[in-house]
Amino acid sequence: MSRRLTRPGPVTVAVLTLLVAMLSIQTGASLAKRVFPVVGASGATALRVFFAALILAAVFRPWRQRLTRKDLLSVAIYGAALGGMNLTFYLALERIPLGIAVAIEFTGPLALAIFSTRRALDFVWALLAVAGILLILPLSETSRALDWMGVFWALVAATCWALYILFGQRAGGSVHGGTAASLGMVTAALLVMPFGIAHAGTKLLDVTLLPIILGVAVLSSALPYSLEMYALKALPTRTFGILMSVEPALAALSGLLLLDERLSLRQWAAIGCIILASVGSSATSRKAAEEKAAPA
């Protein structure tokens, strides 16, 4: 007897799409860190977004879609947030381990998810996330090796990530997802390239870096941001932010396996606190949504 296969719903597809995007971007980040000694964090970011913009433009050909001035403004803000997030994250990654950088950066979407509600229990999850950040910060002699500037840039990246979610959803809602992603990446490239050129200069023209940079552009930008744009359109802002809860763990594992970055028990505990905050917030949000939808 044959079983009838059911096609997964749009929410399931969006969740799976987001998971693939997260795996891709962390693999790309691990690869990108290998070129920091040659062109620095800003140079690597410039090369990454430049080639990602070329790839996305070639695939989606955004010039075919007519956009209003409002659409262009929405995409421009989204692209600026995207460029700022990429640059500041790589500046953080240059100084601190991948798992720690992502854990701190993740507080941006986590805060967006938590503070979009008014339930008292959500502030418990917020406190748990704050506890995770305090465990990460180099406040004691045992954590002195963690660079303060790296922490600062990761926090700036966290803010840019929250803005990326907010304005990415607006851009994706009014513009075709592929067009928004490609034009957003072009905007990000225009923003980041001057920093990369100022730091690395002619080193950016080193052809031996091309295979790695193309891999980074696809894994860290072209593929995941296209997938995330689809997920942003299919999922509410709060749900999107909460589903990213697995990202710090994926980043820490990528750093361990690909970069041999070994974290202390305290740092793993910090990442665990942030993940637990996201899981708790997810359960609370789901329960609240069910209660709201239930008939009186």
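The numbered points below comment on a predicted model of one chain.

1. Basis of the comments. Because the model is predicted, local features are taken only at pLDDT of at least 70 and side-chain atom pairs only at pLDDT 80 or more, while totals for chains, interfaces and linings use all residues. Residues are numbered from 1 along each chain as its sequence is written, and side-chain values use heavy atoms, with hydrogens and water left out.

2. Confidence. The chain has a mean pLDDT of 80, and 84% of its residues reach 70 or more; pLDDT is the predictor's confidence in each residue, from 0 to 100. Over residues 289–296 the value stays under 50, and the model has one contact beyond four places in sequence for this stretch. Contact here means heavy atoms within 4.5 Å. Where pLDDT is low, the predicted coordinates should not be read in detail.

3. Overall make-up. The chain has 12 helices and zero strands. Helices (H or I, at least four residues) and strands (E, at least two) are DSSP runs, numbered from the N terminus. Of the 296 residues, 51% count as buried, where buried means under 20% relative accessible area, exposed over 50%, and partly exposed in between (1.4 Å probe, protein chains only). Among contacts between residues at least 6 apart in sequence, 89% join residues at least 24 apart.

4. Helix α1. This helix has 23 residues and reaches 32 Å from its first C-alpha to its last, close to the 33 Å expected at 1.5 Å a residue. The expected span is 1.5 Å times one less than the number of residues. Among the buried residues of α1 are Leu18, Met22, Ile25 and Ala29. An α-helix has 3.6 residues a turn, so residues three or four places apart point the same way.

5. Leaving aside residues up to four places away in sequence, Thr17 touches Leu227 and Tyr230. Val13 is also found in α1, but counts as partly exposed because its relative accessibility is 28%. The C-alpha atoms of Val13 and Ala231 are separated by 8.4 Å, although the two residues are 218 apart along the chain.

6. Helix α2. What is the distance between the end C-alpha atoms of α2 (residues 36–60)? The answer is 30 Å for 25 residues, short of the 36 Å that a straight helix would reach. A kink of about 75 degrees is centred on Ser42; the bend at a residue is the angle between axes fitted to the seven residues ending there and the seven starting there. Just after α2, Arg61 takes a positive phi of about 45 degrees.

7. Nonpolar core. A nonpolar core is a set of buried Ala, Val, Leu, Ile, Met, Phe, Trp, Tyr and Cys residues joined through side-chain atoms within 4.5 Å. The largest one has 81 residues, of which Phe89, Tyr90, Tyr164 and Met185 touch the most other members. Helix α2 gives the most to this core, with 11 residues. Residues touched by Met185, not counting those up to four places away in sequence, include Val49, Ala53, Leu56, Leu82 and Tyr225.

8. Salt bridges. The structure holds three salt bridges, each a side-chain nitrogen of Lys or Arg within 4 Å of a carboxyl oxygen of Asp or Glu. Lys33 pairs with Glu261, the closest N and O atoms being 2.5 Å apart. This pair links distant parts of the chain, with Lys33 in the loop between α1 and α2 and Glu261 in the loop between α11 and α12, 228 residues apart. Both Lys33 and Glu261 are buried. Glu94 and Arg95 form another salt bridge, with closest N and O atoms 3.5 Å apart; Glu94 is partly exposed at 36% relative accessibility, as is Arg95 at 35%.

9. The α11–α12 loop. Asp260 lies in the loop between α11 and α12 and forms a salt bridge with Arg262, the closest N and O atoms being 3.1 Å apart. Arg262 counts as exposed because its relative accessibility is 65%, whereas Asp260 is partly exposed at 48%. Phi of Asp260 is near 55 degrees, a positive value in a residue other than glycine. Most residues other than glycine have a negative phi.
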